[in-house]
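Here's a short tour of a protein chain, taken one piece at a time. Keep the picture open as you read, and try to find each spot as it comes up.

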Amino acid sequence: MTPVGLLFKVNSEGLFTSPVNASPVDYAKIYPDPESEKAIMGSVVYCIHHKEGCQWSDELRKLKAHLNTCKHDAVLCAAQCGAMIPRVLMQDHLRYTCPRRRANCEHCGKEFSGSALEEHQGNCGHEPVYCENKCGAKVQRRHTQQHVQQHCSKRLVPCRHCGQRYTQDTVSAHGAMCSRAPVPCPQRCSAAPARDELDAHLRDHCAAGTVLCAYRDAGCRFKGTRPALERHAEESAQTHLSLVCALAARQARQLDALRGAVARLGASSSGALVWRVADWAARMADARAKDGVELVSPTFYTSQYGYKLQASLFLNGNGAGESTHMSVYIKILPGEYDALLRWPFAHTVSFTLFDQSSSPDRACNIVESFVPDPTWKNFQRPSKEPDALGFGFPRFVSHEMLKKRNFVKDDVMFLRVKVDPSKIVAV
Ligand SMILES: [Zn+2]
Ligand SMILES: [Zn+2]
Ligand SMILES: [Zn+2]
Ligand SMILES: [Zn+2]
Ligand SMILES: [Zn+2]
Ligand SMILES: [Zn+2]
Ligand SMILES: [Zn+2]
């Protein structure tokens with residue numbers, strides 16, 4: 001007889017069920033013949049768990065009894081969690097998945113019921129977890145706070161030199177560059193200045209470096225360490241004072257040269273000077289009240305590197321013109337290029353007093369000129385003495401004539417002095 005065990009299943013009440021809809025099958029209706037039923041019950045079937053691996057095979061009537069012991073048949077969980085578990089899996093269920101199982105936490109070892117263990121996992125203080133600062137360390141959950149505060153390589157710690165906060169694993173790299181970290185003095189003095197103060201240390205404080213004397217610009221050549229410099233400064237006060245005096249004298253000479261250069265730049269070098277004599281009335285009154293009052297013009301040059309000249313005026317006359325005339329003279333002053341010039345001075349000199357009449361065609365200027373006499377000592381190369389005599393016209397214009405025309409207008413008089421290399425007398 002062929003086993004037919006796979007046609008039917010037996011439910012928990014021991015009834016056959018159709019494998020399709022699991023509703024009980026009234027096999028009395030299907031097999032009303034008791035003989036037939038007897039025959040069926042005697043037929044050989046496989047266990048309903050044949051596919052799961054049960055090898056049992058016997059008469060159908062013995063199936064129910066077999067299922068009471070079949071290790072593949074499901075029974076209520078022995079721990080009364082309510083689940084139906086095949087006998088063969090019961091041990092496993094009770095140990096690992098039954099919510100009513102008793103189990104120990106693998107981290108702390110405490111015993112829990114299954115559901116409490118699930119809750120406990122994820123909170124167990126002994127479970128190793130990764131540090132939330134992502135330092136890569138794994139520490140027991142209960143030690144994370146302590147780790148983050150005391151051991152984590154990503155915790156912020158202050159640089160002990162500058163106080164800025166860095167992660168613990170970068171603070172020493174920072175320290176190697178920190179501007180406040182002490183560095184050994186490159187000149188090997190005993191100081192260890194902060195990196196950003198090293199320049200100032202070397203410049204102003206280092207005891208090992210060579211420094212120059214503060215009077216070096218005055219000519220002191222001393223060089224030495226800072227302590228030696230201090231001794232030098234104490235010992236050399238007198239020397240330094242002399243050096244400074246000499247320097248002041250040199251500078252005074254330079255100033256003179258500069259003043260001369262500036263004056264030359266301002267002076268006319270065209271060989272002509274128009275001299276504006278202002279405050280004429282007051283000057284005239286002054287000249288009348290005192291003897292020998294001489295007005296001198298700005299200096300001027302015959303050319304850029306030419307003779308240095310200066311005109312002078314006696315408003316109240318001089319020599320033959322005293323008290324009756326205005327006298328004019330020209331002086332040759334010691335100039336910077338005298339060594340290169342021809343002597344005696346041989347240029348024609350002319351003086352022009354301008355008539356400032358409002359209609360120029362009626363103006364009548366006064367002009368006097370002369371060609372220097374080569375034997376006259378005033379035209380030799382001038383010495384450095386400032387009181388060299390001039391040459392000119394004591395009776396250039398009479399006081400009477402001055403009043404007649406507009407030689408003085410608005411209290412101003414204009415006198416032109418012109419020096420010409422040609423010997424032709426200009427009129
Ligand atoms: Zn079985
Ligand atoms: Zn259970
Ligand atoms: Zn635990
Ligand atoms: Zn960490
Ligand atoms: Zn720092
Ligand atoms: Zn130093
Ligand atoms: Zn010195």
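What follows goes from the whole chain to a sheet, then to the nonpolar cores, and ends at a single loop residue.

## The whole chain

First things first: this is a predicted model. The chain has 427 residues, and buried ones make up 14% of them. Its secondary structure comes to 12 helices and 23 strands.

How do contacts link up parts of the chain that sit apart in sequence? If you take the contacts with a separation of 6 or more, 39% are between residues 24 or more positions apart.

## A four-stranded sheet

Let's zoom in on one open sheet. Four strands build it, in the order β15-β23-β20-β21, and their pairing is antiparallel. At the edges you'll find β15 (272–277) and β21 (366–370), each of which pairs on one side only. Going from one strand to the next, the twist averages 15°.

In general, the strands of a sheet pair through backbone hydrogen bonds, either parallel or antiparallel. Here, β15 pairs with β23 (residues 413–420) over six bridges, in the antiparallel sense.

## The nonpolar cores

Nonpolar side chains tend to be buried together in soluble globular proteins. In this model, the largest nonpolar core has 29 residues. The ones with the most contacts inside this core are Ala311, Leu313, Val328, Phe351, Leu415 and Val417. Several elements each give two or more residues to the core, among them β15, α11 (280–289), β20 (348–353), β22 (391–398) and β23. Which strand gives the largest share? That's β19, with five residues.

Leaving out residues up to four places away in sequence, Val417 touches Leu273, Trp275, Ser297, Ala311, Ile330 and Phe351.

## A stop at Thr324

Now for a loop. Thr324 sits between β18 (308–314) and β19 (325–333).

What does Thr324 touch? Not counting residues up to four places away in sequence, its contacts are Gly317, Ser398 and His399. Take Ser398: Thr324 and Ser398 are 74 residues apart in sequence, yet their C-alpha atoms are 5.9 Å apart in space.

Conventions: Residues are numbered from 1 along each chain as its sequence is written. Chains are lettered from A and ligands numbered from 1 in the order in which they are written. This is a predicted model: local features need pLDDT of at least 70, side-chain atom pairs count only at pLDDT 80 or more; totals for chains, interfaces and linings use all residues. Two strands pair if DSSP finds at least two bridges between them. Axes are lines fitted to C-alpha atoms, for helices over the stretch in contact, and angles run from 0 to 180 degrees between N-to-C directions. A residue is buried if 20 or more other C-beta atoms lie within 10 Å of its own, exposed if 12 or fewer, and partly exposed in between; C-beta atoms are placed from the backbone. Two residues are in contact if their C-beta atoms, placed from the backbone, lie within 7 Å. A nonpolar core is a set of buried Ala, Val, Leu, Ile, Met, Phe, Trp, Tyr and Cys residues joined through C-beta atoms within 7 Å.
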